[in-house]
Number of protein chains: 4
Amino acid sequence: RLLYYRIPNILKLLLLVLIAMPFFGYLIYLIEPETFPSLTDGIWWALVTGATVGYGDYVPATLIGRLLAAFLILSGGGLIAFYIASLSTTVIKREKKSQEGKL
Amino acid sequence: RLLYYRIPNILKLLLLVLIAMPFFGYLIYLIEPETFPSLTDGIWWALVTGATVGYGDYVPATLIGRLLAAFLILSGGGLIAFYIASLSTTVIKREKKSQEGKL
Amino acid sequence: RLLYYRIPNILKLLLLVLIAMPFFGYLIYLIEPETFPSLTDGIWWALVTGATVGYGDYVPATLIGRLLAAFLILSGGGLIAFYIASLSTTVIKREKKSQEGKL
Amino acid sequence: RLLYYRIPNILKLLLLVLIAMPFFGYLIYLIEPETFPSLTDGIWWALVTGATVGYGDYVPATLIGRLLAAFLILSGGGLIAFYIASLSTTVIKREKKSQEGKL
Ligand SMILES: [K+]
Ligand SMILES: [K+]
């Protein structure tokens, strides 16, 4: 449990992204093989969509593909929000400690 | 009222999204039926726009359609901002509690 | 001064957006009239770009147009960040007050 | 060190962006010269991608280009998150000081 707290939040987030992107990429590759000809294209789409860049070079066209995209977008947004919130807390805590050190 | 506080913020947000996306999707489908041939296309556009992904596969072309998009973008942005702010507060509160527990 | 504090932050932000979007829209319309045939197209582009939706239906192609876009993107991002930060503070303050009321 | 603290965070962020965008822009220009015919196109793509606007006018197509994009997206997102967190802290500190001044 101590080790868990020691792993920085940014690394944990990166690890989650490195697992989630291939996962969503593989699913869309299975669901819409005509739109996503290779697994790499699927993973690329998952990254571009989850980070809300949205180039539009690969876009799901079927209902199931769009539902997966909806889930990815909401997860991605939630993840980014959580990351910002977590980072804010870390910054605030550090500021507090450095302030207490000055007093 | 107690029950209201118990429903996690994430669920409330998801519920709001699940209501707002079909609402905006239906409106754009009524306003620009040539650009959005089906209701599903409208809902898909509302999600992609509200989350600021913006693939560009469906884009309103009329003035009324663009005004609706402006309203959706500003609402979506506000919602995301509110979500991050709310999440930050929750994280900070939990950190505080766990810190107090240690002392 | 008191009146200034009473105007909610969201309204102030909306007012700023309603001034900034036509401003940037007019500038791009002057700089690249071939890409942006009407003032409405310019304002639409400014909203879509400033909110980081980025449909890609209108994209500046000249160096000056891209420099304006860079300025708009950085301003827009800064504005959104400021809005989230401001909202976070408001939420945290309210939580604090309601907590103090309970004690 | 004192001077370092005096430079506002927004300026430091802008400086970082002004260094990072040409850096990523130059790399993609080297990696995919067919997709990015000029250095300016590369820098433009880096800005549009790092800020998650994602017009889709320039999109890397090779695996190495996409890996660079992945790195840029994750860095850009992290930078924006850090900026919001840093700004939140500044706003909260100012609020605290003005509150203490009132008491
Ligand atoms: K986008
Ligand atoms: K986009």
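## Ground rules

This is a predicted model, so to speak of local features we need pLDDT of at least 70, and side-chain atom pairs count only at pLDDT 80 or more, while totals for chains, interfaces and linings use all residues. Residues are numbered from 1 along each chain as its sequence is written, chains are lettered from A and ligands numbered from 1 in the order in which they are written, and side-chain values use heavy atoms, with hydrogens and water left out.

## Chain A overall

Chain A has four helices and zero strands, giving the pattern α-α-α-α along the sequence. Helices here are DSSP runs of H or I with at least four residues, strands are runs of E with at least two, and both are numbered from the N terminus.

Of its 103 residues, 41% count as buried. Buried means under 20% relative accessible area, exposed means over 50%, and partly exposed sits in between (1.4 Å probe, protein chains only). Chain A exposes about 5,900 Å², with carbon and sulfur atoms supplying 70% of that; the areas come from the Shrake-Rupley method with a 1.4 Å probe, and for residues only the protein chains shown count as cover.

## Aromatic pairs

Over all chains, the structure holds 24 aromatic pairs. Rings of Phe, Tyr and Trp (its six-membered ring) pair if their centres lie within 6.5 Å; planes under 30 degrees apart count as stacked, over 60 as edge-to-face and the rest as tilted. A:F24 and A:F71 make a tilted pair, 6.2 Å centre to centre with 40° between the planes. A:F24 lies in helix 2 (residues 9-31) of chain A and A:F71 in helix 4 (residues 63-102), so the pair ties together parts that are 47 residues apart in sequence. A:F24 is buried at 6% relative accessibility, whereas A:F71 is exposed at 54%.

Over in chain B, B:F23 and B:F24 form an edge-to-face pair, with centres 5.5 Å apart and 80° between the planes. B:F24 counts as buried, at 6% relative accessibility.

Helix 3 of chain C has twelve residues and reaches 16 Å from first C-alpha to last, close to the 16 Å expected at 1.5 Å a residue; the expected span is 1.5 Å times one less than the number of residues. Nine of the twelve residues are buried, so the helix is largely enclosed by the rest of the structure. Among them are C:D41, C:W44 and C:W45. Just after this helix, C:T52 takes a positive phi of about 55°.

C:Y58 belongs to the loop between helix 3 (39-50) and helix 4 (63-102) of chain C, and is buried at 17% relative accessible area. Leaving aside neighbours within four places in sequence, its contacts (heavy atoms within 4.5 Å) include C:W44, C:W45 and D:Y55. The C:Y58 side chain also makes polar contacts with the side chains of B:R66 (3.2 Å) and C:D41 (3.1 Å). A polar contact is a pair of N or O atoms within 3.5 Å; within protein, one must be able to donate a hydrogen and the other to accept it, and residues adjacent in sequence count only if both atoms are side-chain atoms.

## Potassium site

Donors are N, O and S atoms within 2.8 Å of the metal (3.2 Å for Na, K and Ca); water is not among the atoms, so sites may look incomplete. The potassium ion (ligand 2) is 3.2 Å from the potassium ion (ligand 1), and A:V53 coordinates both. D:T52 and D:V53 are buried.
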